[in-house]
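Subject: Structure handover

Hello,

Here is the structure for your files. Please open it alongside this note; what I found follows below.

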Amino acid sequence: MSGADLPVLLPYLVLAAAAVVLLLVIAAHRSHTASAGICILGLALAFAALFVAARLAPRSVTPLLRIDGYALFYTGLVLLAALAVALLSYGYLRARDTQPREEYYVLLLLATLGATVIVASQHFAAFFLGLETLSISLFGLIGYPRLQRPPAEAGIKYLILSSMSSALLLFGIALLYNDFGTLSFAALTRPGALGTATLRDLSALTGIALVLVGIGFKLSVVPFHLWAPDIYQGAPAPVTGFVAVVSKCAVLALLLRYFLATRAFDAGTLTLLITLIAVLSILTGNLLALLQDNVKRLLAYSSIAHMGYVLVAFLAGGTLAVEAVSAYLVAYAVSTLGAFAIVGLLSRPDEPHDAESLSAYRGLFWRRPALALVFTAMLLSLAGIPLTLGFIAKFYAVVAGVGAHLTAAVTALIVGSIIGLFYYLRVIVALIQTPTVAVERTAGATERVGSAVVAALLVVLVVFGVYPAPLVSLIQSTAGRLSALPATAALTPYDHH
Amino acid sequence: MMLTWVILVPVIGGGVAVLAERSGTDAPRWIALAAVAIDLALIIAITVTGPAALTAASAHGPWLAETYWRWIPQLGISFRLDLDGLSLVLILLALSLTALSVMTSWKEIAERVGMFHANLLWTLAGIVGVFLALDLFLFFFFWELMLVPMYFIIALWGHERRVYAAIKFFLFTQGSGLVMLVAILALVFIHRRATGVLTFDYFALRGTPLSPRLAFWMMLGFFFAFAVKLPTVPVHSWLPDAHTEAPTAGSVLLAGVLLKTGAYGLLRFVVPLFPQAAHAFAPVAMLLGAISVLYGAALSFAQDDMKRLVAYSSVSHMGFVLLAVFAWTSLSLHGAMVEIVAHGISTGALFIVVGMLQERLHTRDLTRIGGLAAALPRLSALMTVFAIASLGLPGLGNFIGEFLILLGSFSVNRSLTIVASLGLVAAVIYALALIARALHGPERIPPQAHMPLTDVGARETTVLAVLSAAILWLGVYPRPLLDAVATGLGALQSAAGVTMTSASGSGAQRTPGSAPGGDYSGVPVRYSPHSAGPAP
């Protein structure tokens, strides 16, 4: 690493510096507003630093990190999502008497740093480092309102299950190292021949399987999904949004980079395994979501299904897969954050639980039409209805799937979408029904910040849902450059007349 | 650009209607009417100023107007709208029925009036988009989009089991739409492999060389979506629920226009994109059509709920359309267009009449009412007109449609046509049963009725009078309609027709007005009903 690498690393350095500065400020003077301000400023500066880094990208910084368009795109996505979470958390924490509130933002910055490191890793050491930074901060965030039972319980559960999966991941990495003598993705290409594994490959095969288990846990795909509903339900709503969006997007981005770098798409066994995981996630997630009366759990199961949909796009391999996965993750991030933002805004500070039971949403249209409208838009986006980004994303995923002849996966996606409609519509119906319980309005600054975030998310959702061309070209010019594989040629638009 | 405005006007009108609710409940109604009127004026202006393709073949082919913008160029998706006679007729039908829906729900809808009319107008915008879009992605976009406001119309302003009906409607139509999406994408990718360009353009995709097996599966994907919308047995079960539970305006739009998007899709996409596959599938599709005709009629007769009765009669009428499309002769296609318009008018009118009865009697149950002719003489007379139109009495629109369909289909599949023609008899039974049970016999008025019963007022009379005049005009002088769609249908036939007609035997005798051999050879030939000649 040389001094010339520093500007490329600027976004990551800014994040780390913001966390340190915040700690020092807290030591000197405790102020919720100041802490939140530093956190938000740090995230915004890190985002601005992306443009500095972009001028020098692509560049490998040590064998660990590769700062290319792909890394910068996902870093940007993670930073914006974290920014939204920070803004939502400010309102959420302000309304509650959780003390102290300041360290929350340190954890948020560190978790974000971990996620950004993951998306830029080209080496298992960097991946594991990033993942642990993310996970350890998440324990704290999930259980942050520690005096209340649901968050504390969720925090402990996540701690145990996440450590378990990290241990498996680490063991898998060790086995791979044993076999290859290196941890750099680019040097791990031999698993391309895994379809014809011999006994000598067994440790490599086991290693990859264990790595997939670890990653599958973070993505909460079936059969590693059991933690998701409980943690989603117990964590404070903004943190749930963070877990659902930031950690999953980062890990999926890594998985895609890993698969492309090691040519794992050529290995029939691995693609078969991922297909199986995708189909199971779609069906299990959607079917279990049907049974839920708890909105947070419902969104948890729906996010399991959504990870399945992303994996369908993922399986296509090649450039189209990168584009489709990126578009899907953007849509997923916007809609999921929007949905959890609404859950947070509707939650009453004096109750231990967030607004999670479906009955709390009955008749929302007649009490708070704006929030209900946004929630409807977010749910329709998750369901993939036109005029929303979710529609474009699902379309992209189906394009990738059909283009790569993934019959089983695309069939599962279609069936899953139909089942999915059913429960999304159930929530929307609840929104427009006559209310059964009276919930009075909470007013004040909480709502102003939160409402602004929600409004911004809605604008993104609709603008890119109607005119996605800028988003698509952004993805193509950044993340889409990742794959140099000749498998799928670049798309040629049809020239009219 | 003008075509874009045809879609934008209802969208904007809907937004204004929501805001206008603050200044009184009547404001949204007038705004909705104004939006529809502006739209009508726009579409007429486009037709009048466009290249005169409506009446004569021109260099432009059948197209009256077009709009083309790049939309998502990276994926070869464009914002492409084209208007031909076919679309024009269907859009005019949609606009007229929306206007009448607004007028008929003047009293029925009292809550959240602004939102209701916004949803009505947004549904209209989606439907108009479906009729105009000729980029397959854009078509799919509108296809899915029009469901959302209709879903809210049923779920929010519907009758007793509205939520169940709304979700069922949404699941059926959205689910089948996704199957179509896969078929669209398969076609796009096959086209890309053959030519190297990624495009969703209808005209580019139309000539894609396909292996028969793949073409068959893709055709089936499209057919499934359109068959659900049409609807045809056995995927019709959403229809009776949705039609019955929807408010009157919703039922009118559903029956009058939304179902027609299915017929339109079959005409515009299934056969022209996959002519050979459609030909191979024709016997099955025609069989489904014939079954729908009889099954719909039989179930219609068995209903006690008046709305359900009318809803099942739609299944029967749409069976004729399915039969006609897959017969794919000039006569049968013209018949299908007449049937589409006539069914829109007569069934829409029947739903309106039933809505008026329900407003007065607070029930739709035929077992609890009877002999209304004495109490409501004018309404009863008008109801009789539409019921008789529905059974296909000569002189009214449906007769022309069904007659042309049967005439055109006879030579293609004699046995199925004969079976379907029994539907005309069955229609007599259910339509007359409706009249007899509701209007004649001893007077029975349910206790919860709004007494004293008032006959139709000026507003209601206007609505029904317009509809009766239209159905009568269509029955006596359908030529303007036939002329309007002739060029469009001719172009569709020449795009697909060579294969469809030549493969179905000696084509000359069943495509009167066409060049010998049934080949339109690119020049749309104007079809005149007067030269139709006797049945073969």
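Where pLDDT is low, the predicted coordinates should not be read in detail.

Ground rules. This is a predicted model, in which local features need pLDDT of at least 70, side-chain atom pairs count only at pLDDT 80 or more, and totals for chains, interfaces and linings use all residues. Residues are numbered from 1 along each chain as its sequence is written, chains are lettered from A and ligands numbered from 1 in the order in which they are written, and side-chain values use heavy atoms, with hydrogens and water left out.

Confidence in chain A. The mean pLDDT of chain A is 87, and 92% of its residues reach 70 or more. Among its elements, helix α4 (residues 103-120) of chain A has the highest mean, 95. Helix α13 (residues 364-367) of chain A has the lowest, 82. Helices (H or I, at least four residues) and strands (E, at least two) are DSSP runs, numbered from the N terminus.

The hairpin in chain B. Strand β1 (residues 63-72) of chain B pairs with β2(B) in the antiparallel sense over 8 bridges; pairing needs at least two DSSP bridges between the strands. In the hairpin, 4 residues lie between the strands, and Gly76(B) in the turn has a positive phi of about 70°. Ala65(B) stands opposite Leu83(B).

Strand β2 (residues 77-84) of chain B has 8 of its 8 residues buried, so it is largely enclosed by the rest of the structure. Buried means under 20% relative accessible area, exposed over 50%, and partly exposed in between (1.4 Å probe, protein chains only). Both faces are covered. One side carries Ile77(B), Phe79(B), Leu81(B) and Leu83(B). The other carries Ser78(B), Arg80(B), Asp82(B) and Asp84(B).

Salt bridges. Which residue forms a salt bridge with Glu66(B)? It is Arg80(B), with the closest N and O atoms 3.3 Å apart. Glu66(B) lies in β1 and Arg80(B) in β2 of chain B, so the pair ties together parts 14 residues apart in sequence. Glu66(B) is partly exposed at 45%; Arg80(B) is buried at 6%.

Arg80(B) also meets Asp201(B) in a salt bridge (3.0 Å, N to O). Asp201(B) sits in the loop between α7 (162-195) and α8 (202-206) of chain B, so this pair ties together parts 121 residues apart in sequence. Asp201(B) is buried at 2%.

Lys168(B) and Asp241(B) form another salt bridge, at 2.8 Å between the closest N and O atoms. Lys168(B) is in helix α7 of chain B and Asp241(B) in helix α10 (residues 238-245) of chain B, so parts 73 residues apart in sequence are tied together. Lys168(B) is buried at 16%, and Asp241(B) at 5%. In chain A, shared partners join Arg149(A), Glu153(A), Lys157(A), Asp230(A) and Arg297(A) into one salt-bridge network.

Best wishes

How values were computed
pLDDT = per-residue confidence, 0-100. Salt bridge = Lys/Arg side-chain N within 4 Å of Asp/Glu carboxyl O.
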